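Here is a short report on selected local features. Look at the sequence and structure first, then read on.

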Amino acid sequence: MTTSIQKRRLALFAFFFIPGLSMASWVTRTPAIRDSLGVSIAEMGAVLFGLSVGSMTGILSAGALVGRFGTRKVMFTGLCFIILSLVTLALGVTIASSLTVALGLAFFGLGVGGAEIAVNMDGADVERITGKHLLHALHGFFSLGTVFGALIGIALNALHFPVALHMGVIALICIPVIAAAIRHIPVSSVVHDAEGDHANGSAARVPVWKEPVVLLIGFIVLAMALAEGAANDWLPLLMVDEYGFSPTAGSMVFLGFATAMTVGRFGGGVLLNRYGRAAVVAASAVTGAAGIAIVIFASHPALAAVAVVLWGLGASLGFPVALSAAGDSGPNGAARVKIVAIAGYVAFLVGPPLLGFVGEEYGLRNAMIVVLALVALATFCAPAIQRRRASAKPVEA
């Protein structure tokens, strides 16, 4: 592996870590944000809907923008929007404006929706060049970022540290990291093949988004990404409102989830090499469904808190492993990754806010039944990701 590829990998790791750190920073403070705004669960769902609007904009435009400008410019722009989101969230909490907080979340969704699709596409390109698994480790750095963000959030919750100042400090930490790492991403990276369904003489072929294998992989990614996103957005509030935890204890439960996600993702390479993608994804879906079911139906708060570990372990590998499988499921791998990544980020960023409206009517625990059903169905779709191109034989990084 050349020095330039090693530096490129490190930059991609940083660009997954930053969104995880940023997301966990405001997720762990959602009880405090909700209290400062004085809103209900449904109203908080409406605030989070800003995340959905921004996410859809970023997600749906990312493929075309990468095709035109390359992954480097798209991921840099997206990361800048994440910084802007933290500053806007700080302002919204300071002036107790739900609209401003919603705007901050819209900036966050726009940034993550655009940047993370570009980073995934660039990561898939590095997998192709090196012949080694990478996406599970990239997503592991996102989870590692959530662990650090959760630890910071728990400590600052306990200290009653101002939310606005918290968001500002995280923004200041991220800025120099972005500036240092972005130069290691090639300017021309993954401009080719990002939009077309006509590469390599494939104009007469069925568009990749209509292929059954791509649709099945997309569903797996959608289900597993929703499982992750639902926990990221709602787990602290679910533990506070449904099980009577304090805000600090609710954040600690989220930390358990984030830690389980991190362990699962960094340990996933061994399992992938030994058992293969289909078996790993099926086992992940079963484990995640078991954890979510216990959280929904548990009669004791401690049991629900422990089950969060199963939820996190189960959700950890489905998204990145299926995304990697999409890249080598046939020709025009960049377009396949783009399509599947869009499905994943729609579920990850847009789905959870919609659960808030269900939660207001039926309770957050009951809202998670939607997530449970989708994850359970993903188990039966897992064989789809076993399909491989003969030329792509990744080994453990």
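Helices α3 (41-69) and α13 (333-362) each supply at least two residues of a nonpolar surface patch. Helices here are DSSP runs (H or I, at least four residues), numbered from the N terminus. The patch consists of Phe-49, Val-53, Leu-354 and Phe-357, with about 340 Å² of accessible area together. Patch residues have over 30% relative accessible area and no salt bridge, and nonpolar side chains (Val, Leu, Ile, Met, Phe, Trp, Tyr) are joined within 5 Å. A salt bridge is a side-chain nitrogen of Lys or Arg within 4 Å of a carboxyl oxygen of Asp or Glu. Areas come from the Shrake-Rupley method with a 1.4 Å probe, and for residues only the protein chains shown count as cover.

The model is predicted: local features need pLDDT of at least 70, side-chain atom pairs count only at pLDDT 80 or more, and totals for chains, interfaces and linings use all residues. Residues are numbered from 1 along each chain as its sequence is written, and side-chain values use heavy atoms, leaving out hydrogens and water.

Phe-357 sits in helix α13. Its relative accessibility is 38%, so Phe-357 counts as partly exposed. The classes are buried (under 20% relative accessible area), exposed (over 50%) and partly exposed (in between), with a 1.4 Å probe and protein chains only.

Most residues other than glycine have a negative phi.

Next, a helix pair. Helix α1 (residues 3-27) packs against α7 at an angle of about 175°, and their axes are 10 Å apart. The two are therefore roughly antiparallel (angles over 145 degrees). Axes are lines fitted to C-alpha atoms over the stretch in contact, and angles run from 0 to 180 degrees between N-to-C directions. Helix α1 contributes residues including Phe-15, Ile-18 and Trp-26 to the contact, while those from α7 include Met-167, Ile-170 and Val-177. Contact means heavy atoms within 4.5 Å.

Leaving aside neighbours within four places in sequence, Met-239 contacts Gly-244, Phe-245, Gly-250, Val-253, Val-295, Ala-304, Ala-305 and Val-308. Met-239 and Ser-251 are 12 residues apart in sequence, and their C-alpha atoms are 8.7 Å apart in space.

Technical notes: Patch = residues over 30% accessible without salt bridge, like charges linked within 9 Å, V, L, I, M, F, W, Y side chains within 5 Å. Parallel < 35°, antiparallel > 145°, perpendicular 65-115°, else oblique.
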